[in-house]
Amino acid sequence: MRLSWVECGTLWVYGMFMRLAHPLLRRKLRKRAVLEPGYAHDVDARFGHFEGSAQSVATLASGAWEPAPLIWVHAVSLGETRAAAILIEALRRRIPTMRLLLTHSTATGRAEGAKLLQANDLQTWLPWDDHASVQRFLNHFQPTAGVLMETEVWPVLIHTCQQRGVPLALANARLNDTSFKQAARLAWLSRPAYAGLAAIWAQTAADAQRLTQLGAHVNAVIGNLKFDAKPDASQCTQAAAWRRQLTRPVVMLASSREGEELAFIKLFCASSLSGKANIAINNASASASASASASASASASASASASASASASASASASASAGAGGSGVQCLIVPRHPQRFDGVADLLRAQGCVVQRRSDWGGELDQLVAAGPVAGEQVASAHATRDAGDNAMNATNAAELANTANSVTAADAPVVWLGDSLGEMALYYSLADVALLGGSFEPLGGQNLIEAAACGCPLVVGPHTFNFADAAEQAVDMGAAIRVEGMQAAVAAAGALVADSGRHASAVAAARAFAASQQGAAAAMAEAVAQLLPLNG
């Protein structure tokens, strides 16, 4: 495709701006590396300088590698890398001789991508989108064909690949309304980029329509690769073993973003402390009744009856609290970005919570779930007391117990689990009875909900799911998800769902059915990639 003189000029100005931004990018990477050391690795490779790089293709100059196509897949971050993993597996089945060149833009994406490499595969950073960096990258690796995942459209990269005859496709393509409007405002830059792609395979018809309006040629609507993902079996097994021993349902805030944790934990703590107060008051009343019954009668059976009445009263109060959303459930929060793990832990402690981090669970959680319901509660209580300080009060009569119910002690502090690990979402979703979808309670577009459904975890989603609009609507329509207007409604909906065993079982079944409903994209996309290769792969 030949560019107009206006488009050529726009592309040249853009490329020069990107070249002049090198110092700013290097400074940004140094700052990011403070929290995520992976950003300091092999920085020069981002600008097409591979001297001394761990990834070298000197051997590729020999004829020994010539028959094997080098298929380049770019997955910017963690989510795209996991989607790419599904495609890469299908590509290896379709093109057994292929070698993989895997590129990323984030440290988390690169760390996850390293798990996908086999012998003779290569991994590096995506080149910065200026003319010189892109030229050096293509000269060095000489890919046979390239695949960009989901939303990655880089004008200089696409134009240079087109000039050099390297077919570059956009796979699992999606484009929400916000991104569409932004691209439309930069039409002189975005339209040639979309039109320069060798192929585009969209997730949904709505995505295809928006892409077409930007000048793209959409070859097919294939669906979302993530429906073909299989949850990690070992993680699901471990979660199932833990769940069999837990005495309370687990409510999870999944892939949470800034602002969501605070809103969630305030509601959880308020409900939790209210529930503890109700239980304490009921226990106090039951205790007084038991004492009166014991004084009035010397019969052992009368005392046992009073004790049973007290237990039943406390149990009923706990059930009511669980329905309210806080007390009676175990709270689990998994932040979206690893650099926020420590900050979220501090935030939870500042709200009076006892934090048990996944990185510290080790044998502790195993002890809790393996010890059984009664001993497990004792283990949890011991950990909470150790973390918050031993400030528990020993009340001796009904009045003292009622007063204690209205005060907050360290022993009353709610215990919150913090998922501070990467690559274990299948574990967390399989452990949870219901999950609130992060990114959907702030105007951030939501996160992928397909993995939760595949693990049989029902979802509560907020009003902002524009990143996965089609999947979110289908999940709601099939009963795999509940749509609410805000965090308060979400906490209430989650509590009501776990309190109703029949309704919860139906939601679990609906989640699994939703996940299975649209599988098959991986094989179709692998075949489409193969058609881009010389002699069709």
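Author: Begin with the axes: an axis is a line fitted to C-alpha atoms, for helices over the stretch in contact, and an angle runs from 0 to 180 degrees between N-to-C directions. This is a predicted model. Here helix α3 (residues 78-94) packs against helix α22 (residues 521-530) at an angle of about 60°, and their axes are 8 Å apart.

Reader: Which word describes how α3 and α22 lie to each other?

Author: Angles of 65 to 115 degrees count as roughly perpendicular and those under 35 degrees as roughly parallel. α3 and α22 are therefore oblique to each other. The crossing of α3 past α22 is right-handed.

Reader: Which residues of α3 and α22 meet?

Author: From α3 come Ile 86, Leu 87, Ala 90, Leu 91 and Arg 94. On the α22 side they meet Ala 522, Ala 523, Met 525, Ala 526, Glu 527, Val 529 and Ala 530. Sorted by class, this contact of α3 with α22 has 10 nonpolar residues, no polar ones and two charged ones.

Reader: At what angle do helix α5 and helix α6 cross?

Author: The axes of α5 (residues 131-141) and α6 (residues 155-164) cross at roughly 45° and come within 10 Å. α5 and α6 are therefore oblique to each other, and α5 passes α6 in a right-handed crossing.

Reader: What does the contact of α5 with α6 have, by class?

Author: First, the residues: His 131, Val 134, Gln 135, Leu 138 and Asn 139 of α5 meet Val 156, Leu 157, Thr 160, Cys 161 and Arg 164 of α6. By class, five residues in this contact are nonpolar, four are polar and one is charged.

Note on methods:
Residues numbered from 1 in each chain as written. Predicted model: local features only at pLDDT ≥ 70, side-chain atom pairs only at ≥ 80, totals over all residues. Heavy atoms only, no water. Helix = DSSP H or I, 4+ residues; strand = E, 2+ residues; numbered from the N terminus. Parallel < 35°, antiparallel > 145°, perpendicular 65-115°, else oblique. Left-handed = near helix turned anticlockwise from the far one by under 90°. Contact = heavy atoms within 4.5 Å. Nonpolar A, V, L, I, M, F, W, Y, C, P; charged D, E, K, R; others polar.
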